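Subject: Structure for you to look over

Dear colleague,

I am passing on the structure we spoke about, and below it you will find notes on a few of its residues. Please read them with the model open beside you.

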Amino acid sequence: MDDPFDLGAAEPAGRGEARFPYLETLNPPQRQAVEALDGPVLVLAGAGTGKTRVLTTRLAHLLNLGKARPWEVLAVTFTNKAAREMHDRVGQLIGQAVEGVWLGTFHAIGVRILRRHAELVGRTSGFTILDDDDQQRLIKQLLEAENIDVKRWPPRAFASVIDGWKNKGLTPAKVQEGDSGFADGKAKALYKLYQDRLQTLNACDFGDLLLLTTELFLNHPDVLADYHRRFRYILVDEYQDTNVAQYLWLRLLAQGARNICCVGDDDQSIYGWRGAEVGNILKFESDFPGAKVIRLEQNYRSTGPILEAASGLIANNEDRLGKTLWTEVPDGEKLVVQGVWDGEEEARQIGEEIEALQRRGESLSQVAILVRATFQMRYFEDRFIEIGLPYQIVGGVRFYQRQEIKDATCYLQIIAQPDNDLAFERIVNTPKRGLGDATVQKLHQIARTARQSLYRAAEAIVETEELGPKARGSLKRLMEDFARWRLQAPDLSPAELAEVVLEESGYTEMWQRDKSPQAPAKLDNLKEMVFAMEDHETLASYLEHIALVQANDASDSTEKVSVMTLHAAKGLEFDSVFLPGWEEEVFPNRRALEETGTRGLEEERRLAYVGITRARRRAYVFHAANRRVFNEWRSGIPSRFIDELPEQAVEVRTETGLYGGRAAAGGFGEHDQRPGQGSFVYDAPWLAATQRLKQRGYRAGGYARPKPIEGRAERVETVEAPRRFETGERVFHQKFGYGAVVAIDGNHLQIEFEKAGRKKVVAAFVDPA
């Protein structure tokens, strides 16, 4: 049987085009990208321009022309899904299964190379790849062996440090002293010990799959030369998302035949926070002199106004190679910009708009809400549950399913219903109280024998000698806490009760002491949960709401609105896209600007561009004049990105007077009429809005003085003004005893107790001593 990939069977260029009908389905730039097979090529593929088609067709064309056998082609993707899709599509184009191509993710290719040369990096071919849990367990052992407090310096935090170094291609020898403050400057030495331990265990972590391969190539030129001979053609997808380690790895392999084709979009580089370097794609031409740059600009996804809005926005970035998307379908609905009073009003109006689309026959599965930060999701989850609108959280955990929210909810469930065994078992030793598996097993034994709940068994066992003194004392204090909280519950709102429980149980303090990167977000989520509880008059009402949320999770409705972050939306598309929270500090994100300045701003703008270009037919941008972020009211300034949208592509629906003045086209500008115009123009610099708000007492993060919230008058009971404390004042707390106030934060006091140490407590439960 003839070899279908016999190189001698290749036809001269220009002949036999009828054999390749797939070429006729491409537009001119796409075809140019497919046929430019030799030398370095950069394909700048804008959103919705057929990137996947070009990449797969190029690979198929390489094989059909006989330019290379399958095993002489390296094709690198970022996800296993993309690799499978490319494999299947190429098989359809060439009419047979594709076997032998080195096709996979960076890490899949890396492990394949490492297993072939494991002995050269101090491993055997059967080395183990550690998952996250195994890695953290190993780091914990290492830290404890070095007498480092794992509570102060959690293994998870050091794993993040190591990951950052490996993403930059840094071995222990290449790390600079003082690069990390972990363990008081011992991070570099610990990294060396960690790598040595991995070698002893014949193991690699995920980052090693590229780091060790790069070191292999650098230290063994003969091995690299072998892969230069092997890989005659290299194809790379999503090049704008490569990090330093991936860049170095590719550069070494591409030094051979130099037939490398990278496909990507610098305008969609949005993963800088996890190590991606947009500079890799920006310097492609200098890395590969004589490279061809082919721009794919014809968009097959979105309407003209959506593309015009997105292109006008991204044009404000300076670090970009430049391209302008266009479509043969120029007409369509303009991008809608709508200002609202607050986050709840935003969720209500978006819900109403979605219901209106549904009544017009639009599918809910073609509707998406793309948020900048996960805290925004909670508003939509609550609103959609209230109106019965099916939804799904994509690429993340629903708010009420997050670890810290479930833990807090379990405390509240036990207060309301002590016989909830699942809730009790979840938190009996959270935070750690010295009540381990042995204690829980004894509770189960007593509960089964007496045919009662774990809670009732705990009440009984603390009055006996069944447990050791330490465990018995700890469990007794917990039971006393629950009894006290249950007595206080009728006199407190659900939100106040939650604050008391989280503080007095030590749960908040547990996350305050946690040094992991996730800890601040967990504390913020707990604040958001307390805020959400203010909508409920009773604890039972709140717990019922949680049950309804969980019922929605289990719903098998085929059509659901998708709620996700902008980062998770990359690569997806929907008929209708809602983009809430376009306010300064929310989007662009305050932390991104503070940490990386202009570079962070440009990545935030690319993220906005990605959000708009997810829409096929409709895009809606919302901004709120007020937003409660993690239980703190903030006055919102419309995002500078709104001001950068081209006027002719935008329809504004902002109501007059939202920002204390008359509404401009952006809904937040000054009263400004240009000669010859009879309406307000789309000209409202965000800096001017900032200045006006500063004059009204605004500061970053909120108002200098509480902003009055207007609303419906209701009858309230007259209550005694809360007692005001001063720092240094001696006080008494029912649980913690006597102490002195060291700090005051609103209705919370930080007190140095004589026996319990420093605690943060609610002022209402403190009396003057």
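Thr214 is buried, with a relative accessibility of 7%, where buried means under 20% relative accessible area, exposed over 50% and partly exposed in between (1.4 Å probe, protein chains only). This is a predicted model, in which local features need pLDDT of at least 70 and side-chain atom pairs count only at pLDDT 80 or more, while totals for chains, interfaces and linings use all residues. Residues are numbered from 1 along each chain as its sequence is written, and side-chain values use heavy atoms, with hydrogens and water left out.

Thr214 sits in helix α8, residues 208–219; helices (H or I, at least four residues) and strands (E, at least two) are DSSP runs numbered from the N terminus. Leaving aside residues up to four places away in sequence, Thr214 touches Ala245, Leu248, Trp249 and Leu252, contact meaning heavy atoms within 4.5 Å. Leu248 is 34 residues from Thr214 in sequence, yet their C-alpha atoms are 7.2 Å apart.

Turning to another region, UniProt, in an unreviewed entry, lists Ala45, Gly46, Ala47, Gly48, Thr49, Gly50, Lys51 and Thr52 under "binding site"; its positions are given in the numbering used here, feature names are shortened, and annotations may be inferred rather than shown by experiment. Ala47 lies in the loop between β1 (41–45) and α2 (51–65), and Gly50 is in the loop between β1 and α2 as well. Ala47 is buried at 2% relative accessible area, whereas Gly50 is partly exposed at 24%. Beyond four places in sequence, the residues that Ala47 touches include Asp265, Asn299, Arg301 and Tyr609.
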